[in-house]
Amino acid sequence: PPDVAQLGRSSWTLLHSITATYPENPAPALQNETSAFLRTFGKLYPCWVCAEDFQEWMKVNTPRVSSRSEFGQWMCEAHNAVNVKLGKKEFDCGKWEERWRTGWKD
Ligand code: FAD
């Protein structure tokens, strides 16, 4: 099986990068495709317990894909749910764009 931590880091990079390049004003068709992508991703994610929990989390926390900022915030919350589950520090979601889109303001 794949290394769960390595798979996770790569997957979060992909997922947050998708939110970073998501339109500010997505067309309704793209919003539907994005929700469908997340559902499929949740089914196919190649870590069985991870996928199961992510699907359960998404049942309660329906994907918010109406704008880049909503989607980026939602993805940060999804990642934080896993951080909490694994006993890691929560990430400040006010900073997701700095981390994944614009770069840190140092
Ligand atoms: P990661 O958590 O991979 O984070 C990478 C980088 O993202 C961090 O260095 C930080 O800069 C940034 N970051 C951290 N938190 C956030 C946030 N909230 N928003 C934006 N950016 C952030 N592992 C398990 O052992 N069990 C599981 O059940 C499990 N479920 C997972 C479910 C999904 C959908 C995914 C994608 C991964 C899952 N993982 C799971 C993997 C786990 O989340 C980590 O990727 C892995 O433990 C490696 O952690 P890391 O400390 O290297 O950093």
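Which helix supplies the largest share of the shell around the ligand? I looked this up first, and α1 does, with seven residues.

Before going on, I noted that this is a predicted model, where local features need pLDDT of at least 70, side-chain atom pairs count only at pLDDT 80 or more, and totals for chains, interfaces and linings use all residues. Residues are numbered from 1 along each chain as its sequence is written, and side-chain values use heavy atoms, with hydrogens and water left out.

**Shell.** I found 21 residues around the ligand, and Arg9, Trp12, His79, Lys85 and Arg99 come nearest (near is a heavy atom within 4 Å). By class, the shell has 11 nonpolar, six polar and four charged residues. I also saw that α1 (4–20), α3 (48–60), α4 (68–85) and α5 (96–102) each give at least two of its residues (helices are DSSP runs of H or I, at least four residues).

**Polar contacts.** I looked for N or O pairs within 3.5 Å. Lys85 has a side-chain N or O atom 2.4 Å from a ligand oxygen. For Lys88, a polar side-chain atom lies 2.9 Å from an oxygen of the ligand. Cys76 uses a backbone N or O atom, 3.0 Å from a ligand nitrogen.

**Rings.** I then turned to the aromatic pairs and found six (ring centres within 6.5 Å; planes under 30 degrees apart are stacked, over 60 edge-to-face, the rest tilted). Phe37 and Phe41 have centres 5.9 Å apart and planes at 45°, so I logged the pair as tilted. Both sit in helix α2 (residues 28–44), four residues apart, about one turn of the helix.

Notes:
A polar contact is a pair of N or O atoms within 3.5 Å; within protein, one must be able to donate a hydrogen and the other to accept it, and residues adjacent in sequence count only if both atoms are side-chain atoms. Ala, Val, Leu, Ile, Met, Phe, Trp, Tyr, Cys and Pro count as nonpolar, Asp, Glu, Lys and Arg as charged, and the others, Gly among them, as polar.
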